[in-house]
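Here is a short report on one structure.

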There are 2 protein chains.
Amino acid sequence: MGDFELNNRIRADSHMASVLGLCQLRLMNDRRWPWLLLIPQRPGIEEVFELTPLDQTLLTFETCETARALKRVTHCEKINIGALGNHVRQLHIHVIARNPGDPAWPGPAWAVGNAEPYEPKSAADLIAALIDAL
Amino acid sequence: MGDFELNNRIRADSHMASVLGLCQLRLMNDRRWPWLLLIPQRPGIEEVFELTPLDQTLLTFETCETARALKRVTHCEKINIGALGNHVRQLHIHVIARNPGDPAWPGPAWAVGNAEPYEPKSAADLIAALIDAL
């Protein structure tokens, strides 16, 4: 399989936040929604069921902890979690803070309009708050 | 908390397929996509991180087995998994078979057009094939 290498599109569209036990945690560079990505650092994985049972459990733990931290930091109404991968096949889990009145509510946030990048300081502040809450 | 009671909208929009260890497994009554729902039979749960750690692990196991069976039965290009809940707050996990050329590809399948109900026999045949593959 070779080593894990982050997909170039994911790298371009998001900021590195942290490395958890299994996953890279990244912040999508789109200030319309607080939107995180978890990417299991395993090569050649496209579907969650291709992970080993232990990695599946780790992914669930890290997803739940990340979702809880995102809810705590943003006080959002609802967390949306998704593993789609129709464009980018490298397995990645979306964890998105949703609120009534956001640009896609109550529909899904994927494939809606164009990303609006953060000011660098805003992204860094949000990442710091999330790391603190994790 | 009281007993678990299935949300009325989920009940109206889907066919019962099976009861797994934790979840009800249901088929969305929309033949545009083979689309399953997993509903953990726990009262008052809206977010995955509100489940106990054991239930989180069970949900992951049942989600992965369901996704694998759906892929095996449909030979789809990609599985999409999501927990949104912006409309219906009772926790439910979507497991959807996606293919290039389907009515929403490569975008998400949620909130796209109107459901096209199955012929009763088609739904029963798909459920039987899925149960067999589980």
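Strand 4 of chain A, residues 78–83, pairs with strand 4 of chain B. The two strands run antiparallel, and three bridges join them. A:Ala83 stands opposite B:Ile81 in this pairing. The model is a predicted one.

The contact between the chains draws 26 residues from chain A and 26 residues from chain B. On the chain B side, strand 4 (78–83) supplies at least two residues, and so does helix 2 (53–74). By class, that side holds 13 nonpolar residues, nine polar residues and four charged residues.

Chain B also has a pairing of its own. Strand 1 of chain B and strand 2 of chain B form a hairpin, with three residues between them. These strands are antiparallel, and five bridges link them. B:Ser14 has B:Met28 of strand 2 as its bridge partner.

The table sets out the two pairings.

| Strands | Sense | Bridges |
|---|---|---|
| Strand 4 of chain A and strand 4 of chain B | antiparallel | three bridges |
| Strand 1 (residues 14–19) and strand 2 (residues 23–28) of chain B | antiparallel | five bridges |

Next comes the core. Nonpolar side chains tend to be buried together in soluble globular proteins. Here the largest nonpolar core has 66 residues. Within this core, A:Val95 and B:Val95 have the most contacts.

Methods:
Residues numbered from 1 in each chain as written. Chains lettered and ligands numbered in written order. Predicted model: local features only at pLDDT ≥ 70, side-chain atom pairs only at ≥ 80, totals over all residues. Core = buried A, V, L, I, M, F, W, Y, C linked by C-beta atoms within 7 Å. Buried ≥ 20, exposed ≤ 12 C-beta atoms within 10 Å, placed from the backbone. Contact = placed C-beta atoms within 7 Å. Helix = DSSP H or I, 4+ residues; strand = E, 2+ residues; numbered from the N terminus. Nonpolar A, V, L, I, M, F, W, Y, C, P; charged D, E, K, R; others polar. Pairing = 2+ DSSP bridges.
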